[in-house]
Amino acid sequence: MLSKKVEIALNNQVALEAYSYFQYLAMASWLDNNGFEGASKFIYNQAEEEKMHMMKLFFYINDAGGFAMAPSVTETSHDFPRFQSLFNTILEHEKNISSSIHELVNLALAEKDFTSFNFLQWYVSEQLEEENLFRTIVDKIKMVGENTDGLYLLDKDLANMAATPNRPLNSDMKP
Ligand code: OFO
C-alpha cells in the first residue's frame, strides 16, 4: 500500500512524463515542418517512450493500492528558435526528469516503501540512458555547428537511429 506522500509524488511524476510526451510531440512536429525529417522521426519515437514511461507509472500506482490520476497538460511550447537549441532544451529537460526520479527514490526510502524503491530503479537506469543519448547528440551538434552539410548528415544519422531503436517500445508495460 502506498503512503499518501508517495502516491502524490508518483502522480506528479505521471504528470511530468505526460508533459514530456506532449512536449516531444510538439518538437517532432516542429522538426518535421522545418526540414529535419530524420530528427523528427527520432523525436516522435522519444515521445512514444515518454508515453510508455507515463503508463508504466500509471499502472503501478493502481497496482500498489493507490489512485492513478490522469494529468492535464498545459504550457507545451510549439515554436523553437533553432534545431540546435531544441536539442539543448531536451537535454536540460532530461536532467530535470532525472532529478525528479532521484527525489522520488529518496522519498520511497524515507517512507520505507521498498516496493516503490525497487520499481523506481528501472527509471534510474532509463534516465542514465536517456541523458547519455541526448548528451551525445548535443555534442555532435556542437561539432557540426552551422555547417549545413553536417546538419544534413546528422539528420540522416537520427533517421537511422529512429529506424533501429535500441530497445522495444512499450516493453515491460501492461497491455
Ligand atoms: Fe525521458 O524521461 Fe521519461 O522518465
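**Helix packing and cores in a predicted model**

Helix α2 (residues 37-63) and α4 pack at an angle of about 170°, and their axes are 12 Å apart. That makes α2 roughly antiparallel to α4, a term for angles over 145 degrees. The axes are lines fitted to C-alpha atoms over the stretch in contact, and angles run from 0 to 180 degrees between N-to-C directions. Helices here are DSSP runs (H or I, at least four residues), numbered from the N terminus.

A word on the source. This is a predicted model, in which local features need pLDDT of at least 70 and side-chain atom pairs count only at pLDDT 80 or more, while totals for chains, interfaces and linings use all residues. Residues are numbered from 1 along each chain as its sequence is written, and side-chain values use heavy atoms, with hydrogens and water left out.

Back to α2 and α4. Among the α2 residues that meet α4 are Phe42, Ile43 and Tyr60; on the α4 side they include Trp122, Phe134 and Ile137. Contact means heavy atoms within 4.5 Å. The residues of this contact divide into 11 nonpolar, four polar and five charged. Nonpolar covers Ala, Val, Leu, Ile, Met, Phe, Trp, Tyr, Cys and Pro; Asp, Glu, Lys and Arg are charged, and the others, Gly among them, are polar.

Next, α4 (residues 114-144) packs with α5 (residues 148-163) at about 160°, with axes 9 Å apart. So α4 is roughly antiparallel to α5. The contact includes Leu133, Ile137 and Val144 of α4, and Leu151, Leu154 and Met161 of α5. Its residues divide into eight nonpolar, one polar and two charged.

Now the cores. Which residues touch the most other members of the largest nonpolar core? They are Ile43, Phe83 and Phe87, in a core of 26 residues. Such a core is a set of buried Ala, Val, Leu, Ile, Met, Phe, Trp, Tyr and Cys residues joined through side-chain atoms within 4.5 Å, where buried means under 20% relative accessible area (1.4 Å probe, protein chains only). α1 (4-33), α2, α3 (83-110), α4 and α5 each supply at least two residues, and α1 gives the largest share, six. Leaving aside neighbours within four places in sequence, Phe87 contacts Ala39, Ile43, Phe134, Ile137, Val138, Ile141 and Leu158.

Last, the loops. Most residues other than glycine have a negative phi. Glu75, in the loop between α2 and α3, has a positive phi of about 65°. Glu75 is exposed (over 50%), with a relative accessible area of 69%.

How values were computed: Angles under 35 degrees count as roughly parallel, over 145 as roughly antiparallel, 65 to 115 as roughly perpendicular and the rest as oblique.
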